[in-house]
Amino acid sequence: MNVTPGATSRPPANQLSDELATLRNFVTILQQEQQALVAGDLERLTQLVKDKTDLAAHLGQFAEQRSRMLAATALPPDRAGMERWLARLAPSDSAHAAWKDLVSLSSEAQALNESNGKLIAMRMQHNQQALNVLLAASNQAALYGPDGQTKPSGGGRLFGSA
């Protein structure tokens with residue numbers, strides 16, 4: 001479900017519910033990304049990165065919308081400001097519950113994203129090591145001289161000779 005942030009005139013519970021739905025989709029994408037990283041499924045990763053980027057942009061729009069809304073009421077654009085705004089303007093339990101879920105799920109998304117970053121770093125390190133082994137092996141390959149005999153690779157000079 002791709003929900004685009006709307007106008008700030010919507011009820012707070014609806015705004016937070018839309019953001020929460022988008023964040024849930026984002027977490028699902030992060031979980032799928034983790035599975036694809038573990039499996040080495042590069043084709044799947046390509047699509048997931050696109051989906052993740054789109055959802056991250058939507059989440060950024062929600063955050064901007066919240067910041068503008070809080071600034072209009074002279075509250076700081078942070079968690080404490082949001083909680084004060086909810087206490088003042090949104091007596092609905094559903095708005096408070098949605099905000100609590102949003103904060104909790106944001107922590108889960110951050111942890112998943114960090115974990116995926118570590119998996120990517122490990123995969124890159126593995127690929128670099130494999131590349132180094134291949135490069136070393138290709139440098140060790142025997143070369144043939146004009147007479148068809150193998151000769152050592154390198155500068156051709158033997159140690160101890162002038």
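I started by counting secondary structure in this predicted model: the chain has 4 helices and 2 strands. Then I read off their order, and from the N terminus the elements go α-α-α-α-β-β.

Next up, whole-chain numbers. The chain has 162 residues, and 28% of them are buried. I got an accessible surface of about 10,700 Å² for the chain, with carbon and sulfur atoms holding 56% of that. For contacts, I took pairs at least 6 apart in sequence; 60% of these join residues at least 24 apart.

On to helix H1, which covers residues 12-39. I wanted to know how its span compares with the one expected at 1.5 Å a residue. H1 has 28 residues, and from first C-alpha to last I get 40 Å, close to the 40 Å expected. I also checked what comes just after H1: Gly40 sits there with a positive phi of about 70°.

Last stop, Thr53. I placed Thr53 in helix H2, which runs over residues 42-72. What does the side chain of Thr53 reach? I found the backbone oxygen of Val49, at 2.8 Å. I jotted down a reminder here: an α-helix has 3.6 residues a turn, so residues three or four places apart point the same way.

I also looked up how far Thr53 is from Phe26. Along the sequence the two are 27 residues apart, while C-alpha to C-alpha they are 9.2 Å apart in space.

Key: Residues are numbered from 1 along each chain as its sequence is written. This is a predicted model: local features need pLDDT of at least 70, side-chain atom pairs count only at pLDDT 80 or more; totals for chains, interfaces and linings use all residues. Side-chain values use heavy atoms; hydrogens and water are left out. A polar contact is a pair of N or O atoms within 3.5 Å; within protein, one must be able to donate a hydrogen and the other to accept it, and residues adjacent in sequence count only if both atoms are side-chain atoms. Buried means under 20% relative accessible area, exposed over 50%, partly exposed in between (1.4 Å probe, protein chains only). Contact means heavy atoms within 4.5 Å. Accessible areas come from the Shrake-Rupley method with a 1.4 Å probe; for residues, only the protein chains shown count as cover. The expected span of a helix is 1.5 Å times one less than its number of residues.
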